[in-house]
Amino acid sequence: MDIETFFQNQNNKKQLKILTCGSVDDGKSTLIGRLLFDSKNIYSDQLSQTKIESEKYGTQGKQIDLALLIDGLQAEREQGITIDVAYRYFETEKCKFIIADTPGHEEYTRNMVTGASNSDVGIILVDATKGILDQTKRHTFILSLLGIENIIVAVNKMDLINYDEKKFKDIISSFKNFSSEFNFNLQKFIPISALVGDNVFQKNSNITWYNEKSLIDELEDISLNEPLEEEIFSLPVQFVNRSSSDFRGYSGTITSGKIKVNDEVQVFSSKEKIKIIKILTPKGESDFAVKEQAVTLTLDKEVDISRGDLLCSVKNHNYFLSDQFASHMIWMNKEKMIPERNYIFKFINFQTVGKITDLVHKININSFEKIASKFLNLNEIGYAKVALNKNTIFNSYKNNKKLGSFVIIDQFNNQTVGAGVIEHELRRASNISWHQMSINKNLRHSIKGQKPCVLWFTGLSGSGKSTIANIIEQKLHKLGKHTYLLDGDNVRHGLNKDLGFTDVDRVENIRRISEVSKLMVDAGLITIVSFISPFKSERKMARELVESDEFIEIYVDTSIEECEKRDPKGLYKKARSGKLKNFTGIDSNYEIPSSPEIVLETKIKSAEELADEVILYLKQYYKI
Amino acid sequence: MKLSHIDKLESESIHIIREVASEFDNPVMLYSIGKDSSVMLHLAQKAFYPNKIPFKLMHIDTTWKFKEMINFRDETAKKYNLDFLIHINQEGVQNNINPISSGSKIHTDVMKTQSLIQALDKYKFDAAFGGARRDEEKSRAKERIFSFRDKKHRWDPKNQKPELWNLFNTNIDKSESVRVFPLSNWTEIDIWQYIYQERIPLVPLYFSKIRSVIRRNDMMIMVDDDRLKIKENEKIEQKKVRFRTLGCYPLTAAVDSDATTVEEIIIELLESKYSERQGRLIDNDQIGSMEKKKQEGYF
Ligand SMILES: Nc1nc2c(ncn2[C@@H]2O[C@H](COP(=O)(O)OP(=O)(O)OP(=O)(O)O)[C@@H](O)[C@H]2O)c(=O)[nH]1
Ligand SMILES: [Mg+2]
């Protein structure tokens with residue numbers, strides 16, 4: 001064979017990204033093993049290794065277990081299930097496939113979503129002996145949410161039901177029943193046996209009643225939507241390429257449309273218009289570039305552009321520069337999603353802190369009903385409003401997947417805890433800008449002769465917060481300082497009387513108190529806050545509401561054993577006996593501060609002495 | 001214009017490389033002198049053209065690489081004026097750790113894995129590029145493109161962060177790090193096609209030539225210097241061989257081959273029945289050995 005023809009053929013091959021999904025044990029990994037095997041994309045050393053493993057871990061007796069070609073982690077082989085997504089590569093005469101084998105197990109839904117996010121085609125497996133299961137529905141829903149337009153429903157293990165046509169037809173109709181609301185472009189049903197190979201590569205005489213294409217033929221014939229000729233140009237700026245010489249270029253990957261030298265485009269954040277002078281593509285300098293190419297552009301004038309910005313067509317654009325939007329999201333962490341808690345939101349070329357302000361509903365995965373909920377648990381899908389701390393450029397997911405998707409990251413442990421697709425922008429309800437008052441904070445506190453701040457006490461119930469806070473207020477008062485003490489018990493009787501003690505309510509409780517203390521600081525007061533405030537996130541939120549030198553976190557360090565021994569209000573006893581739910585330290589978590597300004601150890605010193613320590617601190621740093 | 005699958009892979013890799021340069025303070029590119037590293041280096045040069053690569057390159061030298069590899073490395077660093085570091089685990093050298101008498105397992109652990117960890121700690125790198133591909137081995141097929149490592153450089157395969165679209169979570173704490181694999185989605189054939197199209201220079205060991213080899217443990221081992229002691233029952237043969245993958249010379253098997261050009265290599269590959277990693281002793285120790293090594297910090 002001549003090498004140039006070979007490359008020509010390679011370059012003409014269509015690239016298709018597919019995933020297998022469906023419920024646990026439906027045969028996803030086996031099917032991929034079969035695809036690799038039948039397309040002769042397995043080397044013989046890999047095959048002989050799999051034979052050895054099959055004897056040890058296989059599910060098919062003496063025979064080779066094709067799933068073991070794919071399940072590459074020790075834990076997967078031992079448990080006989082897929083845990084994380086595997087990416088495999090195989091090719092046929094016409095096509096290059098990148099195939100993601102995803103886990104069926106509900107616990108690992110996040111890994112299924114990972115595999116689905118980059119796929120063009122979804123193969124949903126259904127075990128013919130079991131029919132449609134919850135996970136079949138959940139995965140089908142996720143595919144539709146992620147905008148996957150082509151699906152193939154492979155009814156597997158036909159060998160176990162004697163290739164029964166009626167059972168196949170029944171499964172088709174129940175699938176159609178539940179999925180009628182989803183808008184898939186292409187939806188095909190194929191009876192297969194991944195184990196034996198029926199209808200995967202070869203049509204099989206076992207299934208005489210099926211006259212349509214085999215799985216591989218169906219896959220090869222899928223044509224993906226080509227981008228429209230008039231698609232608008234967009235390039236999220238990823239990297240500014242600048243050196244000591246006079247070169248200055250803007251690098252990034254084109255997410256839609258195309259661009260030519262001399263085109264006029266705009267910097268989306270400033271709406272400034274510029275002209276393209278040079279286009280550097282991976283193949284060198286070029287007159288034009290298209291979607292998916294990673295390029296560097298030089299412009300006709302020096303303008304202010306940085307990572308996070310967008311270069312796009314001047315006309316017809318439909319991008320948003322905003323800090324609020326509505327989106328569907330899937331939660332991927334054991335710790336549930338809590339509205340009003342701060343998280344990091346990461347977009348294609350920008351990340352900022354923000355929060356979910358309102359969970360509109362979550363979705364029942366069985367009936368697809370919308371149900372009210374205060375939070376999302378692991379693997380739940382919901383529809384929610386998001387507010388960001390900074391303006392961000394985005395688009396709806398439908399218009400542009402790259403600019404319409406985001407992931408949610410925990411601020412403390414950096415875990416990726418959620419992911420979302422943007423439906424639309426939300427106009428700021430709070431478009432009301434701050435009323436500019438002519439008397440400001442400085443003026444207010446200077447006539448009081450003090451520097452305002454928040455003394456934020458945190459610690460377990462009964463640790464001594466209120467006692468110490470009280471003494472401090474008295475001492476400050478004696479010194480002629482203007483103070484106010486916000487205490488758990490009194491605020492909960494008024495401002496926050498609608499809130500209980502669930503995690504969601506605790507977050508809202510602290511959010512309101514943080515806002516109130518911010519106003520008090522603005523009024524020029526030394527504000528003493530005394531709440532359990534068990535979560536790091538909310539204490540961080542409170543801290544960030546005021547200036548960095550205005551927040552003093554005071555951890556009242558009393559062990560749970562000690563608190564329980566004191567039990568001044570008899571609450572621990574109640575909690576232990578189960579009469580009191582969600583009690584901090586017992587069945588609700590307390591997160592110890594990692595770097596508080598002051599730690600007060602109540603075991604060693606009296607409340608009076610500890611209060612003096614705080615006063616001393618204020619004298620030292622605040623010159624009171 | 002339609003992009004071919006190679007064009008798409010190329011742009012995807014460049015995007016990944018630029019993302020690291022934007023999001024990390026102190027990245028490094030691990031350069032192992034092999035074909036995948038050569039492709040990765042080529043892509044990095046494209047990503048920042050016309051400027052220099054804005055991070056360092058580093059070679060973890062086990063002191064047992066083929067002489068031709070070392071020459072090639074030094075020439076490459078000079079030719080492209082690269083910011084280049086070489087790290088050797090001196091403790092291992094002092095303890096005379098070597099692939100022949102210490103065995104492949106200990107040698108790889110001390111001179112590669114431990115050495116890499118030493119270097120990452122020494123220079124406080126927060127991101128390290130590696131040229132590994134998912135089609136090489138099945139535990140690699142499971143790994144993320146941005147693969148998180150804890151403070152001790154360990155990989156936790158059961159607890160990988162979800163990685164959706166091309167949104168990469170680059171948030172880490174102090175002294176944690178990530179390994180980044182820009183070639184994740186390339187196959188061996190893709191690599192060779194790209195080397196051919198882009199005329200990327202390679203270490204001559206990939207091409208067939210008459211070389212001095214001995215047979216040991218069912219493998220052909222090249223006699224690269226006199227540290228390889230020839231046993232009585234062994235004899236040095238002159239054979240036309242090449243290497244499909246490169247590593248420490250006593251651990252890397254040569255294959256019979258007449259392929260002297262990239263074209264011929266590709267044709268040979270298309271007919272091959274064996275995977276490239278077969279020529280590596282270190283993979284074949286036991287089931288799941290690659291996964292174990294990766295958990296300990298190996299690339
Ligand atoms: N009889 C029969 N058994 C099959 C077929 N396909 C798969 N199996 C068996 O079903 C079991 C589960 O197969 P896997 O491929 O591991 O299933 P999976 O969908 O990948 O499972 P998870 O990834 O853990 O969700 C194995 O024992 C397979 O050998 C089939 O067509 N016929
Ligand atoms: Mg599986």
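This is a predicted model: local features need pLDDT of at least 70, side-chain atom pairs count only at pLDDT 80 or more; totals for chains, interfaces and linings use all residues.
Local features need pLDDT of at least 70, side-chain atom pairs count only at pLDDT 80 or more, and totals for chains, interfaces and linings use all residues. Residues are numbered from 1 along each chain as its sequence is written, while chains are lettered from A in the order in which they are written, and side-chain values use heavy atoms, with hydrogens and water left out.

The contact (heavy atoms within 4.5 Å) takes 74 residues from chain B and 84 residues from chain A. Between the chains there are 11 salt bridges (a side-chain nitrogen of Lys or Arg within 4 Å of a carboxyl oxygen of Asp or Glu), and one such salt bridge joins B:D190 to A:K96, with the closest N and O atoms 3.0 Å apart. On the side of chain B that touches chain A, α1, α2 (35-48), α6 and α7 of chain B each supply at least two residues, and α1(B) gives the most, with 14 residues.

The second largest pocket is lined by 44 residues, and A:K40, A:N41, A:Y43, A:E91 and B:I189 lie nearest its centre; here a pocket is an open set of points on a 1 Å grid where a 1.4 Å probe fits, with protein on both sides within 12 Å along at least five of seven lines, and lining residues have an atom within 4 Å of a point.

Technical notes
Helices (H or I, at least four residues) and strands (E, at least two) are DSSP runs, numbered from the N terminus.
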